[in-house]
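Please examine the sequence and the structure shown below. The paragraphs that follow lead through selected parts of the chain.

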Amino acid sequence: MGKETGLKDVPDTLLQRLSEYLTAKTGLQFLNKNRDNLHRNMISAMTDFGFEDVVGFVEWLLSTSPTQEQIEILASHLTVGETYFFREKNTFETLEHSMLPGLIDTRRKTDKRLRFWSAGCSTGEEAYSLAILIDRLIPDLRDWNVTIIATDINAFALRKAGEGIYSDWSFRDTPPFFKDKYFERVKENRYRLLPGIRKMVTFSYLNLSEDVYPSLQNNTNALDVILCRNVLMYFAPDYIRRTVERFYRSLVEGGFLIVSPVETSQVYYSQYATVRFRDSIFYKKDTLKEKQGYRVEKHVEKTISLPPAQKVKYGISKKLPHTKRYDLPKKPAVQVLTPNEEADALYRKGFYREAEERLGPIVSNGRSSPEALVLYTKILANQGKLADAFRWCEKAVSADRSNAYLHYLLAVILEEQRRFEDAKVSLKRAIYLDHNFALAYFALANLSLRLGRIAEARKHFNNTTEILSKYKPDEIIPESEGITARRFSEMISAVRL
Ligand SMILES: C[S@@+](CC[C@H](N)C(=O)[O-])C[C@H]1O[C@@H](n2cnc3c(N)ncnc32)[C@H](O)[C@@H]1O
């Protein structure tokens with residue numbers, strides 16, 4: 001390697017530490033046989049960080065706590081962004097002919113709402129293929145509330161995705177009519193996706209190896225379908241497990257996780273029901289299957305050992321540390337959970353229906369605590385039951401009008417229901433009650449952005465930044481589900497207005 005590059009080799013021990021460090025930050029696995037590759041990637045990354053000596057660069061990297069921006073840069077050198085429209089045709093044919101028609105029929109009779117996530121979307125071809133499919137399958141799309149989010153760790157890829165301009169190489173497996181119908185030629189070998197389709201997809205940065213989903217905040221909750229294809233194959237086993245478990249909690253009951261055919265496995269998806277459609281295998285969230293598999297009975301569930309819920313600023317129970325799904329203690333009951341705690345434990349494991357069953361009778365008796373109402377609201381929202389979530393959140397607000405968080409939660413639901421002006425009013429109430437509510441300012445900024453009100457958005461982003469400056473960089477922002485002030489500031493600068 002040294003001879004090849006004219007640079008000093010990174011010693012094996014340092015390379016080993018580097019690979020562990022990078023796995024911890026990105027989930028990516030760097031096997032011994034790929035060490036030369038890693039070495040080469042570091043050489044290509046070091047200039048972006050202003051280094052001329054790869055050993056010095058690696059040593060520096062290992063001694064720092066990287067910012068999101070630095071991780072983005074590193075990721076762009078470490079990841080494979082290979083993708084194209086309608087990649088793995090069988091999967092899209094199954095979606096088009098077997099899976100989506102049933103789902104669309106069901107939703108047509110209820111709330112006309114569908115939610116998709118392309119996780120590890122690279123330059124966007126996967127998410128846009130899905131958008132085109134939806135456009136083809138739902139003639140009255142205007143009357144529907146369809147959300148397609150697409151996320152990646154590589155900010156450069158995301159920027160390209162947002163532009164929606166592609167070369168012939170991205171169309172390598174699509175018939176000619178496809179390009180003619182959905183794209184306009186902008187110059188030689190450059191085609192721009194029609195704005196109507198482009199607007200159907202929202203791109204954002206998300207590192208799948210971080211515990212930031214499911215979350216109402218970044219819209220990674222209550223999903224019907226998650227496409228995470230050709231991503232997990234690059235992850236270390238532990239990170240695959242954690243990611244797949246978080247996806248489970250991000251899905252609604254009956255929702256599907258779709259991986260690429262080479263990523264199917266009997267080990268990693270045992271929590272899901274395996275569904276064979278034509279030539280494809282999809283993984284379905286089916287809590288009944290899960291319960292049978294684990295033989296969880298009511299009295300046993302009561303023995304799940306969890307630390308008591310902690311209280312935070314607005315009296316809402318704080319995230320509990322994740323425990324393995326139904327990792328039941330070998331010895332009999334240590335701690336008997338209250339129904340609220342049981343519901344909370346079920347909620348955190350993605351068993352939303354069971355959590356609803358447990359908490360429903362308690363909140364319905366009209367004497368429940370604000371914490372229980374908030375939990376119940378979230379349980380409903382995570383199942384996509386927005387109208388019910390709204391109703392219960394309103395009850396919580398009526399019971400405690402001066403609770404800023406409740407107004408914020410109501411705003412999140414209202415925005416999801418596309419009641420943008422109402423959402424704005426609720427956010428303003430939250431801010432009126434707590435002038436330092438960073439999350440509410442941030443939500444207001446994003447809402448303004450969504451409505452195309454740029455000056456307003458800028459003002460609210462500035463307010464958020466000002467509030468964040470009062471926190472230490474590693475301090476966790478209240479009600480943010482674990483986001484530090486530093487990370488928050490990076491999220492704001494990533495918007496680049
Ligand atoms: C081969 S592409 C897959 C694109 C598309 N899903 C497909 O199948 O065509 C893999 C993508 O995963 C992304 N990726 C890798 N590690 C990630 C992580 N920790 N979080 C989010 N995205 C990640 C890479 O940046 C890259 O864009």
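Over which residues does pLDDT stay under 50? This is the case for residues 293–334, where pLDDT is the predictor's confidence in each residue, from 0 to 100. For that stretch the model has 77 contacts beyond four places in sequence, a contact being heavy atoms within 4.5 Å. For the chain, the mean pLDDT is 85, and 88% of residues reach 70 or more.

The model is predicted: local features need pLDDT of at least 70, side-chain atom pairs count only at pLDDT 80 or more, and totals for chains, interfaces and linings use all residues. Residues are numbered from 1 along each chain as its sequence is written, and side-chain values use heavy atoms, with hydrogens and water left out.

Threonine 243 lies in helix α11, residues 237–250 (helices are DSSP runs of H or I with at least four residues, and strands are runs of E with at least two, numbered from the N terminus). Threonine 243 counts as buried because its relative accessible area is 0% (buried means under 20%, exposed over 50%, partly exposed in between, with a 1.4 Å probe and protein chains only). Leaving aside residues up to four places away in sequence, threonine 243 touches Leu208, Tyr213, Leu232 and Phe235.

Tyrosine 408 belongs to helix α18, residues 404–416, and is also buried, at 3% relative accessibility. Its contacts beyond four places in sequence include Gln217, Leu427 and Phe437. The C-alpha atoms of tyrosine 408 and alanine 423 are 8.5 Å apart, with the two residues 15 apart along the chain.

Valine 262, by contrast, is exposed, because its relative accessibility is 64%. Valine 262 is placed in the loop between β8 (251–258) and β9 (273–277).
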